[in-house]
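Okay, thanks everyone for coming.

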Amino acid sequence: MSSLTSALPPAQGTGARLARWGLYLILALFAAYYLLPLLLMIATSFKSPEEIRTGSLLSLPRELSLDAWSYAWNRACIGADCRGMAPYFLNSVAIVVPSVVLSTLFGALNGYALTKWRFRGANIVFAMILFGSFLPSQVILLPMARTLGVLGLAGSTGGLVLVHVVYGLAFTTLFFRNYYVSIPDDLVKAATIDGAGFFQIFTKIMLPLSLPILVVTIIWQFTQIWNDFLFGASFAAGGAQPVTVALNNLVNTTTGVKQYNVDMAAAMIAGLPTLVVYVLAGKYFIRGLTAGSVKG
Amino acid sequence: MATLSINNVRKQYGAVEVLKGIDLTLADGEFLVLLGPSGCGKSTLLNMIAGLETISAGEIRIDQRVVNGVHPKDRDIAMVFQSYALYPNMTVARNIGFSLEMRGQSKAERDTAVRRVAKLLQIEHLLDRKPAQLSGGQRQRVAMGRALVRDPKIFLFDEPLSNLDAKLRVDMRTEIKKLHQRLGTTVVYVTHDQIEAMTLASRIAIMKEGVVQQFAPPQEVYERPANMYVAGFIGSPTMNFVRGTLSAEGDRLGVSVGRDRGLFLPLPETPDQAPDQAGHWLGQEVILGIRPEAVTCHDPAAAAGNPALARVSCRVDVLEPTGADTITYIQLNGQEVVARIKPSDRVTEGATADFMIDMARANLFDPKTEQRI
């Protein structure tokens with residue numbers, strides 16, 4: 001990143017220096033604005049109920065207590081079921097992993113076929129798939145419920161995976177199509193003459209070239225599906241619900257005093273995976289989004 | 001090693017006809033250059049030979065076998081692309097060996113074949129690199145290696161040198177020619193560069209708007225162009241086209257050019273030698289095509305022994321020395337003509353000097369059809 005800033009001319013004179021510090025100040029304010037809720041959540045999740053009642057909202061915990069976390073993880077009551085967030089967290093993993101893998105893979109295959117094996121009407125097919133990414137998710141609830149019923153997948157994890165794969169295809173296809181458009185057709189021609197078939201060209205040439213867009217698509221799909229509430233609440237039956245629905249149920253299950261520390265810990269548990277994915281792969285995400293705009 | 005015959009091949013995209021009946025036949029080991037401006041259909045024809053484009057009508061045979069419906073990998077051809085089309089994710093060695101890998105050859109067989117080709121092209125030290133780490137010339141060699149490794153019946157080249165800088169282009173051109181001499185494989189080579197066509201080809205097919213204008217050895221294309229398009233496309237500076245009238249003066253047949261058709265340039269043929277043509281064309285408008293090197297400074301010694309050399313007196317407009325020769329723009333009785341003269345010939349801009357035109361090397365064209373007479 002330092003190489004990026006060095007490309008700018010160095011600041012000169014007092015005015016420029018003031019402007020630079022003003023810029024930093026504004027950036028710091030924005031960062032604080034976005035980070036404060038997170039800080040508040042983390043701080044609260046480590047406090048005891050006693051401290052929450054007596055202390056101020058923004059103060060840091062006097063002593064770190066992991067009680068709220070462990071309670072949220074395996075003892076909190078989600079409705080009548082008091083096994084904590086853990087089973088629902090695993091539900092989410094079971095939903096997200098196959099959904100992300102399948103929707104990414106099919107999106108890549110779609111993008112490859114739409115750009116490198118252009119058939120009559122390829123543009124119309126692409127336009128229709130693209131249209132899918134503008135569909136509000138509420139619109140598909142009823143037809144999808146009917147479809148899942150007919151397929152016998154209603155209320156199952158498999159059904160929810162299908163919903164996420166189908167809904168995500170519009171986005172993944174768009175990502176891969178736009179990326180593959182920039183890969184020269186000559187590569188496919190050369191490979192055809194060399195004797196590679198449709199799937200060999202895909203696995204041996206296109207996929208190895210797709211790392212940047214793969215990362216973008218995986219992050220995008222992971223975040224979308226992990227954070228999904230609507231489909232999870234609509235299509236998953238009680239025990240198969242994802243962590244987002246469980247979080248809602250946990251917070252709304254009020255018996256006696258509100259345990260803010262447990263709520264916050266549960267919210268952190270529900271939000272951590274996407275946070276981790278961003279921290280680990282965010283660098284590639286930015287690179288992938290801008291890939292092709294500047295040839296390296 | 002193979003023959004190639006293209007019979008009345010057509011290509012249509014919807015209502016647009018891109019190739020309008022191409023007929024070309026190649027003997028074993030020939031080097032065919034498809035030459036023409038962009039959009040003339042030369043690359044389309046090459047892709048059809050490769051099997052990357054379908055054939056709308058007609059047939060293509062490789063070694064007498066009709067390949068119209070044959071998959072590219074089964075045609076026993078190899079292709080070098082303008083963009084090189086190296087697989088960016090693979091090393092040079094794997095790039096070269098990829099076609100063998102796809103054909104199920106063992107690692108050991110592949111390694112041997114790759115080493116042999118790498119040695120031939122002097123790229124052994126690059127085998128472990130990725131294409132992104134290579135220079136343009138090195139990529140070009142790898143692309144050729146990928147084509148060579150399979151020992152195909154026909155090599156197809158699609159403007160392989162146009163992405164290289166000028167000096168490297170000349171070097172690689174020579175290397176392609178050497179390779180062809182050494183391997184003797186039939187080659188089809190697409191280019192828009194007339195020098196590449198002249199230097200490499202055993203025969204050139206000049207194309208324009210989906211039609212082959214002339215299919216002949218380079219020297220014949222140069223000396224006896226089939227029409228004014230071919231004449232203008234080949235040669236630099238381009239051939240001079242001078243409007244004139246075919247006429248007879250005494251027993252000599254010639255072309256009268258310039259103001260009032262006042263300048264008579266005698267042709268080497270007499271009316272008796274070409275009676276049919278002369279009878280029809282006598283008194284008609286013709287276009288006289290003269291290569292710049294056929295117009296030189298007057299040399300009494302050479303002119304004396306050669307009746308085909310017509311002596312003219314012209315005003316010199318501009319001199320453009322190129323080192324080897326001087327390109328000279330002169331006024332031939334009111335029409336501008338380009339001459340290629342020796343630097344040692346002392347002429348000055350604005351002055352009048354004596355030139356001679358080698359009418360034995362002149363071409364006559366029909367001004368209406370632009371075809372050679």
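One definition before I start: when I quote an expected span for a helix, I mean 1.5 Å times one less than its number of residues. And keep in mind throughout that this is a predicted model.

So, with that rule in hand, look at helix H11 of chain A, residues 211-227. It has 17 residues, and from its first C-alpha to its last it reaches 24 Å, close to the 24 Å expected. How many of those 17 residues are buried? Twelve of them are, so H11(A) is largely enclosed by the rest of the structure. For that count, buried means 20 or more other C-beta atoms within 10 Å of the residue's own. Going along the helix, the buried ones include A:Ile213, A:Leu214, A:Val215 and A:Val216, and also among them are A:Trp220, A:Gln221, A:Phe222 and A:Trp226.

Now zoom out to the rest of chain A. Of its 296 residues, 33% are buried. If you take the contacts with a separation of 6 or more, 76% of them join residues 24 or more positions apart.

What about the overall dimensions? The C-alpha trace of chain A spans about 75 × 70 × 30 Å along its principal axes.

On annotation, the unreviewed UniProt entry places "transmembrane region" features on chain A at several spans, including 21-43, 88-109 and 264-286. I checked two of these against the model. Residues 21-43 of chain A are 100% helix and 0% strand, with the end C-alpha atoms 30 Å apart. Residues 264-286 of chain A also come out at 100% helix and 0% strand, and their end C-alpha atoms are 30 Å apart.

Over to chain B. Here we get ten helices and 20 strands. The C-alpha trace of chain B spans about 80 × 45 × 35 Å along its principal axes. Of its 373 residues, 39% count as buried. For chain B, residues 24 or more positions apart make up 64% of the contacts with a separation of 6 or more.

UniProt, again from an unreviewed entry, puts "domain: ABC transporter" at residues 4-234 of chain B. In the model that span is 36% helix and 26% strand, and its end C-alpha atoms lie 25 Å apart.

Last bit: where do the chains meet? The contact takes 17 residues from chain B and 14 residues from chain A. On the chain B side, strand E6 (77-80) and helix H2 (92-102) each supply at least two residues. That side of chain B divides into twelve nonpolar residues, three polar and two charged.

Okay, that's my tour. Happy to take questions.

Methods. Residues numbered from 1 in each chain as written. Chains lettered and ligands numbered in written order. Predicted model: local features only at pLDDT ≥ 70, side-chain atom pairs only at ≥ 80, totals over all residues. Contact = placed C-beta atoms within 7 Å. Helix = DSSP H or I, 4+ residues; strand = E, 2+ residues; numbered from the N terminus. Nonpolar A, V, L, I, M, F, W, Y, C, P; charged D, E, K, R; others polar. UniProt positions renumbered as here; feature names shortened; annotations may be inferred.
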